[in-house]
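This briefing is meant for a reader who is meeting the structure for the first time. Please look over the sequence and the model before reading the points that follow.

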Amino acid sequence: MPALYPYPGLRPFTEEESIFFKGRETQVDRMVKRLEEKKFLMVNGASGDGKSSLVFAGLIPYAKAGFFKAKYNQWLVADFRPERSPLKNLALSLSGKLGLTDVQQTQKELSFGFSALIDLYKKSPYYIDEQGKDWVEADEMQRKVMRRKGANLLILADQFEEFFTNPENYSNGNPGIESQQAVNILLETYRIAVEQNIPVYVVCTMRSDYIGQCAAFRGLPEAIGYSQFFVPRLKRQELEQVIESPAELAGGKVNKRLVQILINNLNDGFDQLPILQHALNRMWRFAEEGKEELDILHLAMAGGIEGKFLPPSQKENFANWLENQPPYKKELLKKPSLKNVLNAHANELMHEASNYVKKHFGEELETEKASLFIEHTFRCLTKVDASRAVRNRMSLGEIAGIIGLQEEDFKRLGHALNIFREQGNTLIQPFLIDTDRSEIKPETVLDITHESLIRNWMQLHEWADKEHESLNTYLDLRKQMMRWRANAFSNVFLLPLGTLNVFEDWFNKVKPNEYWLKRYRNDVPAKEIGDLSVEEELSLLKKFLKAGIRKNLISRLILRHGKTISIAASV
């Protein structure tokens with residue numbers, strides 16, 4: 001569990017941090033009332049509008065505190081993210097809350113759909129059957145005891161867009177079998193809960209730009225229309241609460257002029273709240289975790305404003321501080337802005353990765369190699385989906401396979417990434433607990449904490465664009481190769497010299513292996529995949545390029561040694 005901070009940075013607020021979650025009281029109240037009535041709620045909003053925080057630090061604490069008209073006082077919250085195995089993740093969460101020991105059996109039962117989830121709830125000790133013999137024959141005192149044991153059940157599908165962004169769940173416009181089962185059971189559950197007045201509720205959070213894809217699931221668009229809550233942007237007064245109240249509750253204080261500067265510098269569009277929260281988190285640390293009043297000085301130290309705009313009393317302090325910073329950090333602060341706070345922080349972590357590995361693990365890792373590890377990792381953890389830059393969850397083992405790491409470098413890769421998982425940074429999930437510095441395992445699935453990092457870390461944005469260009473080059477090359485194969489490997493369908501040079505340069509630079517091709521298998525149109533395995537495809541790609549090189553060998557020699565060949569020909 002991440003440590004408690006008044007400003008969590010890029011990650012959402014947790015239920016435990018609800019005391020610091022301010023400025024959203026009206027919105028939470030509206031969500032609660034709608035869920036009371038409908039038993040289903042789709043929370044939509046743009047990326048960075050705080051959907052997950054609204055539920056975890058708003059709706060759930062409200063319900064548990066008694067501000068929700070429900071049958072029981074006690075609440076069970078089975079939250080899950082679809083990730084790559086939505087039904088499995090739902091079964092895992094539900095089993096933990098209902099005390100079911102066989103997760104596989106739970107998943108099997110849920111896969112049947114219809115009333116499966118409701119049936120599991122009814123069989124649990126948390127459901128009171130008021131038509132049953134035990135209740136009918138009990139006196140009032142016994143019924144009070146039974147009610148205290150009862151609990152409402154809230155199913156939370158957080159980051160619902162992962163039903164569309166993970167190829168295991170959605171490929172070529174078609175949902176996968178497991179994702180269909182998971183969505184169907186969610187829809188059937190709330191419908192039955194409404195019909196039978198059962199205290200089971202379903203909440204989903206989803207980026208609004210994925211509403212169009214919801215048509216792939218039967219009944220889902222109707223459910224969204226039935227009960228949807230679109231997260232509105234915060235007003236100026238609400239933003240002031242977001243900035244000031246958490247610090248005050250943590251024993252600190254925010255200077256009024258800083259509040260106004262932060263609000264005035266917030267741009268319209270995506271990522272208002274993530275950028276603001278990350279900047280506040282950084283300033284809180286520069287202010288010695290609230291021991292000093294948060295002021296413009298700390299914003300300048302974080303890279304959010306130029307030193308010349310500081311009041312006279314702070315200019316000298318900032319100049320002295322800046323003088324003691326290493327050259328690379330001075331460079332990061334040259335173009336200050338509120339968005340640059342995140343950009344500068346991520347670049348700083350990348351620069352410090354090599355020293356971090358030596359300090360915490362006692363291993364030598366060259367700066368160049370550490371940077372290469374980090375670049376490849378973040379390229380693996382991002383992708384472009386329908387022109388949108390999104391997160392792409394991937395295990396450490398898969399990333400290492402794509403990079404082609406040997407065993408000794410595999411551990412160093414994990415160690416270098418830990419700097420992005422530290423409690424003060426939290427740019428990559430799962431986060432690193434202060435007391436746990438054990439090595440992350442090959443099966444550990446990594447994920448960027450928030451997509452605002454992709455849009456605001458300029459280096460990562462550039463890497464994501466390059467990776468997308470690389471994918472498009474591969475798809476073009478594959479199409480040419482499949483034409484060659486379909487025409488009996490005829491030389492007529494080999495690449496001309498200019499095109500061959502482009503594809504050959506790409507192949508030598510990217511060095512695609514089976515792991516790389518497997519990652520992008522789902523980007524190939526279903527009708528074009530054919531009967532080739534990944535291994536066979538890689539072998540055929542190499543043969544295709546080699547055959548093209550042989551065909552164009554003379555042309556290449558003429559281009560490289562044209563003058564010599566011309567003279568020799570004349571003789």
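Predicted model: local features only at pLDDT ≥ 70, side-chain atom pairs only at ≥ 80, totals over all residues.

On the face of H1 that is turned away from its buried side sit the exposed residues Thr26, Lys33 and Glu37.

**Helix H1**

- Helix H1 covers residues 25-38, which makes 14 residues, and from its first C-alpha to its last it reaches 20 Å, close to the 20 Å expected at 1.5 Å a residue.
- The buried residues of H1 are Gln27, Val28, Met31, Val32, Leu35 and Lys38.
- Seen down the axis of H1, these buried residues fall within an arc of 150 degrees, and they therefore line one face of the helix.
- After H1 comes Lys39, a residue whose phi is positive, near 65 degrees.

**The chain as a whole**

- The secondary structure of the chain comes to 28 helices and 12 strands.
- Of the 571 residues in the chain, 53% count as buried.
- Taken along the principal axes, the C-alpha atoms of the chain fill a box of roughly 115 × 70 × 45 Å.

**Arg478 in helix H22**

- Arg478 has its place in helix H22, which runs over residues 458-486.
- With a relative accessible area of 2%, Arg478 counts as buried because that value is under 20%.
- The side chain of Arg478 makes a polar contact with the side chain of Glu537, at 3.1 Å.

**Cavities**

- A search of the whole structure finds 5 cavities of 30 Å³ or more.
- The largest cavity holds about 70 Å³ of space, and its lining is made up of Arg81, Glu161, Glu162, Thr165, Asn166, Val390, Arg391, Arg393, Asp447 and Glu451.
- The elements that give two or more residues to the lining of the largest cavity are helix H8 (162-165) and strand E9 (388-391).
- By residue type, the lining of the largest cavity divides into 1 nonpolar, 2 polar and 7 charged residues.
- The second largest cavity holds about 60 Å³ of space, and the residues that line it include Arg282, Phe286, Met301, Lys329, Val341, His345 and Glu348.
- Helix H13 (272-286), helix H16 (327-332) and helix H17 (340-361) each supply at least two residues of the lining of the second largest cavity, and H17 gives the most, with 4 residues.
- The lining of the second largest cavity divides into 7 nonpolar, 2 polar and 3 charged residues.

**The second largest pocket**

- About 740 Å³ of space lies in the second largest pocket, which is lined by 33 residues, and of these Pro167, Lys383, Arg519, Asn522 and Asp523 lie nearest its centre.
- At least two residues of this pocket's lining are supplied by each of H8, strand E4 (170-171), strand E8 (382-385), helix H19 (396-403), H22 and helix H24 (514-519).
- H22, the helix in which Arg478 is placed, provides the largest share of the lining of the second largest pocket, with 6 residues.
- The residues lining the second largest pocket divide into 13 nonpolar, 10 polar and 10 charged.

Key:
Residues numbered from 1 in each chain as written. Heavy atoms only, no water. 1 Å grid on protein atoms, 1.4 Å probe; cavity = no way out; pocket = protein on both sides within 12 Å on 5 of 7 lines; lining within 4 Å. Points joined across faces, edges and corners; volume = space filled by probe spheres on them. Nonpolar A, V, L, I, M, F, W, Y, C, P; charged D, E, K, R; others polar. Expected span 1.5 Å × (residues − 1). Buried < 20%, exposed > 50% of the residue type's maximum accessible area, 1.4 Å probe, protein only. Arc of directions from axis to C-beta. Polar contact = N/O pair within 3.5 Å; in protein donor to acceptor, adjacent residues only side chain to side chain.
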